[in-house]
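Here is a friendly walk through a two-part model, from single residues up to whole chains.

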Amino acid sequence: MRSIQTTHTFPLSSVKPLDGLLRYRGYCLEQTRKTLKIRRRRREQSPVGDASLDPFGYVDGLEYLRCPESGSFFLAQLPSAEDLAHLLADVSQYRKSPLAFHADIATLRSDSVYLPKLEWIQSTLRLQGLDRPRLMEVVTPPSDFTPLLQGSGLFAEVRTVGEMDLIMTYNASGQLDKNKDANGSEKGAGVEAAVLLESLDRVDDPRTLLHAVSESLREGGLIFVTALVCSGFDIAVLGLRNLYIYPPDRANCFSLKGIELLLMRAGFALLEVSTPGVLDVEIIQAHLRHDPAIPLSTFERQLVDADEETRAAFQSFLQERRLSSFARIVGRKK
Amino acid sequence: MNCLIFGYGYMGKIRYQVLRRHPEVQSITVVDPAMDPSTAGLDGVLLPPTEKIPWERFDAAFVCTPNNVTAELCVEGLRHCGHVFCEKPPGRNWQDFCRISEAATALPRHTLVFGFNHRLHPCVQAARALIGKGGLGDVLYIKGTYGKSGGARYRDGWRNKREISGGGILLDQGVHMLDIFQFFVGQLTVVDAVLTDSFWDCGVEDNAFVLLRTRDGVPVFLHSSATLWKHTFRIEIGCVDGYLIASGFLSQTGSYGREQLVVGRREFEDEALALGNPREEIIHFDRDDSWDKEVSDFIAAIKDGRPANHGTLDEARSVMEIIRDVYALAERRDIKGKS
């Protein structure tokens with residue numbers, strides 16, 4: 001297994017500025033509350049294993065529960081799968097609207113968020129000797145990543161599949177054609193690679209999503225996953241005070257151990273587990289500017305107030321030791 | 001498959017463990033006259049030294065002995081089993097290698113593999129995938145340093161007794177680096193070399209500085225050393241569109257440090273970044289399965305009746321030609337480099 005560090009840096013303002021995020025976050029919370037009023041079910045077991053979930057805390061009145069096995073935490077109340085699919089589609093559309101911060105910094109986000117991910121996929125394909133695979137992008141459209149994938153020339157074909165559609169089709173497959181995979185293709189005629197950018201953070205049933213993806217992959221096929229992980233520095237320090245934690249985008253916040261277990265239990269061998277995040281320290285600084293009363297230990301305060309060189313060295317250490325909150329994982333279907 | 005291991009030292013023990021976990025291996029027998037059967041913990045595995053080797057029972061032989069018996073056992077193994085896995089180096093010298101090569105050539109359906117496992121280490125595999133068409137373009141140069149610190153009992157080891165080993169640190173560790181270089185850029189020839197025996201005074205080189213080049217003139221430089229007080233494995237590869245620095249090496253003791261590969265891309269056209277300080281990615285590796293990979297390749301080659309993918313006779317020949325030429329150069333000079 002390998003992990004990857006990068007010296008590529010970019011400021012928080014170029015990808016998810018806290019001020020801009022607050023408006024988008026407010027919209028997400030409001031729409032989540034509305035959706036939960038329609039129908040709701042309570043999560044009892046951890047998606048990682050079958051452990052019962054422990055109380056953890058609240059985000060703007062919405063309860064989160066904690067997995068005792070892995071430390072991952074999850075939104076306690078979930079909408080029905082159909083309602084969640086509509087909710088995810090709604091916030092995905094909102095991200096494209098002029099009301100959200102995403103549109104204002106679309107070019108910067110492309111350079112700092114999506115192009116490095118494309119390079120990551122490209123270099124992994126090279127290392128694995130995979131030439132022009134067919135790729136399944138698992139996402140709730142519209143996605144800014146789709147045109148980049150399609151225009152990259154790296155793939156023989158790019159299929160974009162709705163993450164909730166995949167789960168619902170898989171769950172219903174008992175009644176459907178057993179010779180088809182969750183993507184509707186003949187079993188065994190699947191794709192060679194699948195990419196899930198933060199999909200596991202927002203779906204109601206991450207385990208089923210992975211099984212559905214696995215069925216759509218050929219044996220030996222690769223899965224590319226990114227996620228925010230609660231074992232990373234800024235989430236570990238701020239906990240549920242971290243304003244980047246909100247439903248539906250972060251209905252699930254796995255620890256690195258949790259997401260590793262989830263993937264392995266779904267039948268993937270892990271080829272890469274990295275946390276190449278560059279923003280942990282800056283995220284805490286931004287929170288302190290927003291709310292100077294956030295309690296930090298003396299040592300934590302020393303770190304975030306340190307000179308630029310010290311902060312950069314610390315961020316580099318977080319990457320090297322898989323302690324940043326942005327995780328990147330490559331698995332191979334066994 | 002029934003396997004016979006000659007020699008139960010450092011390498012013999014590694015091969016024994018690798019073979020034990022291979023699904024195709026049914027039995028393992030160890031031959032090592034230096035082992036005391038009562039204390040070896042190899043009940044039913046160690047062949048008593050008085051017993052004749054029942055060759056007919058074995059499908060493959062693993063030669064993990066000191067270098068002075070390598071050639072003889074390889075030849076015997078080839079004649080009796082037809083399939084031999086031999087630790088590096090492929091003999092003490094060119095003459096030893098030629099004995100092995102002749103025996104192999106006389107057997108059309110043989111399998112002969114030499115243990116150059118370093119080329120299968122993850123940092124080396126990743127580097128090879130990235131050079132050339134892998135994205136970094138043609139290689140401009142390679143520099144490699146591989147060395148160890150010796151240790152208090154360094155002088156006493158068989159590796160430093162010329163009559164047993166055939167050479168010093170170049171033949172011991174340097175062969176791995178030479179194999180890796182040729183794995184990257186193909187056949188190399190010797191331009192110049194300086195060997196010294198400046199600290200250990202064992203009568204074999206404790207430092208080798210070897211300048212080589214490819215057919216296309218790409219320069220390659222090796223420093224193989226037994227006086228690197230910090231254990232070091234490092235390869236720098238300059239390419240047209242970037243560079244790679246492999247360093248650290250997953251080993252049983254961990255003394256070479258965490259294995260990693262730095263990948264940098266040439267960026268001088270992009271002046272947004274400080275000139276000469278391009279963005280880098282550092283790949284850290286946590287698992288070395290090179291031992292398993294090379295033995296699996298050997299066993300699969302036997303089973304499928306095909307040539308092995310790594311450590312072939314031709315690859316061993318290329319390495320031994322360099323060793324031969326470097327030692328010939330050194331013979332014409334004083335080994336301490338005084339003349």
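A residue is called buried if 20 or more other C-beta atoms lie within 10 Å of its own, exposed if 12 or fewer, and partly exposed in between, with the C-beta atoms placed from the backbone. By that count Ala106(B) is exposed, because it has 11 C-beta neighbours inside 10 Å.

Before going further, some ground rules. This is a predicted model, in which local features need pLDDT of at least 70 and side-chain atom pairs count only at pLDDT 80 or more, while totals for chains, interfaces and linings use all residues. Residues are numbered from 1 along each chain as its sequence is written, and chains are lettered from A and ligands numbered from 1 in the order in which they are written.

Helices and strands here are DSSP runs numbered from the N terminus (helices are H or I with at least four residues, strands are E with at least two). Ala106(B) sits in the loop between α3 (94-105) and β5 of chain B.

Is Trp158(B) buried or exposed, or something in between? Trp158(B) is classed as partly exposed, because it has 13 C-beta neighbours inside 10 Å. You will find Trp158(B) in the loop between β6 (139-147) and α5 (162-165) of chain B. Two residues count as being in contact if their C-beta atoms, placed from the backbone, lie within 7 Å. Leaving aside residues up to four places away in sequence, Trp158(B) touches Pro66(B), Ile164(B) and Ser165(B). Ile100(B) is 58 residues from Trp158(B) along the chain, and their C-alpha atoms are 21 Å apart.

**The parallel sheet of chain B**

Two strands are said to pair if DSSP finds at least two bridges between them. In chain B, five strands build an open sheet with parallel pairing, in the order β2-β1-β3-β4-β5. The edges belong to β2 (27-31) and β5 (111-115) of chain B, each of which has a single partner strand, so one side of each lacks a neighbour in the sheet. On average, neighbouring strands of this sheet are turned by 15° against each other, direction ignored. Looking inside the sheet, strand β1 (residues 2-6) of chain B and strand β3 (residues 60-63) of chain B pair in the parallel sense over four bridges. Cys3(B) stands opposite Ala60(B) in β3(B).

Helices also pack on this sheet. For the angles, axes are lines fitted to C-alpha atoms (for helices over the stretch in contact), and angles run from 0 to 180 degrees between N-to-C directions. Helix α1 (residues 10-20) of chain B touches β1, β2, β3 and β4 (83-87) of chain B, and its direction makes about 170° with that of β2(B). Helix α7 (residues 290-304) of chain B touches β3, β4 and β5 of chain B, and its direction makes about 175° with that of β5(B).

**Domains of chain B**

Domain bounds come from an automatic or database domain assignment. For chain B, that assignment gives domain 1 (2-115) and domain 2 (119-289 + 320-331). Their centres, taken over C-alpha atoms, are 28 Å apart. Ten residues from domain 1 of chain B and ten residues from domain 2 of chain B take part in the contact.

**Where the chains meet**

Which strand of chain A gives the most to the side that touches chain B? In total, eleven residues of chain A are in contact with 15 residues of chain B. β1(A) gives the most to that side of chain A, with five residues. β1(A) also pairs with strand β13 (residues 280-285) of chain B, in the antiparallel sense over five bridges. In that pairing, Arg2(A) has Phe285(B) as its bridge partner in β13(B).

**The chains side by side**

| Chain | Residues | Buried |
|---|---|---|
| Chain A | 334 residues | 45% |
| Chain B | 339 residues | 42% |

Chain A has twelve helices and 13 strands. Its radius of gyration is 19 Å, close to the 20 Å that the globule rule gives for 334 residues, so chain A is as compact as a globular protein of that length. That radius is taken over C-alpha atoms, and the globule rule is 2.2 Å times the number of residues to the power 0.38. Chain B has eight helices and 13 strands.
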